[in-house]
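Reader: I would like to learn how to read a fold, one feature at a time. Where do we begin?

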Amino acid sequence: MTQARIIDELRMRIGLIDARVTRGVPSALAHEIDAVRWIALRNGMRAAVAVAQALEMALARGERGPLISGWLDLLHDAVGSERHDEAACDTFRAACSVRLFG
């Protein structure tokens, strides 16, 4: 599968998750986010992996609804990032830290 198709698939999955945020069961959302994380991991999309991990932490600590939509926007950006090096991961991790810890 080409990188463009992987990105398209991940963005589609993120869109479906976002559509279910307000009525979705947190454990089901976490399962779907985990699937996105694994696809990203298998394809070397380290920035997306970092954001998905932080998003899973946000769900675990009780964030729901529109707050999760904001996280999904960040995950969408990470999936589309052309950079997957450590510096890019650090940038996305910093954005996640701000969201998690203010």
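Author: Begin with helix H3. Its buried residues are Ala-47, Ala-48, Val-49, Ala-50, Val-51, Ala-52, Ala-54, Leu-55, Glu-56, Ala-58 and Leu-59. Keep in mind that this is a predicted model.

Reader: How many of the 15 residues of H3 are buried, and what does that say about its place?

Author: Start with the general idea. An α-helix has 3.6 residues a turn, so residues three or four places apart point the same way. Now the case here. In H3, 11 of the 15 residues are buried, so the helix is largely enclosed by the rest of the structure.

Reader: Which helices do the buried residues of H3 pack against?

Author: They pack against H2 (26-42), H4 (66-80) and H5 (86-101).

Reader: What span should H3 have, and what does the model give?

Author: Count 1.5 Å a residue. The 15 residues of H3 (46-60) should then span 21 Å, and the end C-alpha atoms are 21 Å apart, which agrees. After H3 comes Gly-62, with a positive phi near 110°.

Reader: Now the whole chain. What is its secondary structure?

Author: Five helices and zero strands. Along the sequence the pattern reads α-α-α-α-α.

Reader: How does the radius of gyration compare with that of a compact globule?

Author: For 102 residues, a compact globule would have a value near 13 Å; this chain has 13 Å, which agrees. The C-alpha trace spans about 35 × 30 × 15 Å along its principal axes. Of the residues, 40% count as buried. Among contacts between residues at least 6 apart in sequence, 64% join residues at least 24 apart.

Reader: Which residues have the most contacts inside the largest nonpolar core?

Author: Leu-10, Met-45, Trp-71, Leu-72, Leu-75 and Val-79, in a core of 31 residues. Each of H1, H2, H3, H4 and H5 supplies at least two of the core residues. H3 gives the most, with nine. Follow Leu-72: leaving aside residues up to four places away in sequence, Leu-72 touches Ile-14, Ile-17, Asp-18, Val-21 and Leu-55.

Reader: What sits over the ring of Trp-71?

Author: The charged end of Arg-99, 5.2 Å from the ring centre. As for aromatic pairs, the structure holds zero.

Reader: Last one. How does Glu-9 count, by relative accessibility?

Author: Buried means under 20%. Glu-9 has 23%, so Glu-9 counts as partly exposed. Glu-9 is found in H1 (residues 3-19). Leaving aside residues up to four places away in sequence, Glu-9 touches Met-1 and Ile-39.

Definitions and conventions. Residues are numbered from 1 along each chain as its sequence is written. This is a predicted model: local features need pLDDT of at least 70, side-chain atom pairs count only at pLDDT 80 or more; totals for chains, interfaces and linings use all residues. Side-chain values use heavy atoms; hydrogens and water are left out. Rings of Phe, Tyr and Trp (its six-membered ring) pair if their centres lie within 6.5 Å; planes under 30 degrees apart count as stacked, over 60 as edge-to-face and the rest as tilted. A charge sits over a ring if NZ of Lys or CZ of Arg is within 6 Å of the ring centre and within 35 degrees of the ring normal. Helices (H or I, at least four residues) and strands (E, at least two) are DSSP runs, numbered from the N terminus. The expected span of a helix is 1.5 Å times one less than its number of residues. Buried means under 20% relative accessible area, exposed over 50%, partly exposed in between (1.4 Å probe, protein chains only). Contact means heavy atoms within 4.5 Å. A nonpolar core is a set of buried Ala, Val, Leu, Ile, Met, Phe, Trp, Tyr and Cys residues joined through side-chain atoms within 4.5 Å. The radius of gyration is taken over C-alpha atoms; the globule rule is 2.2 Å times the number of residues to the power 0.38.
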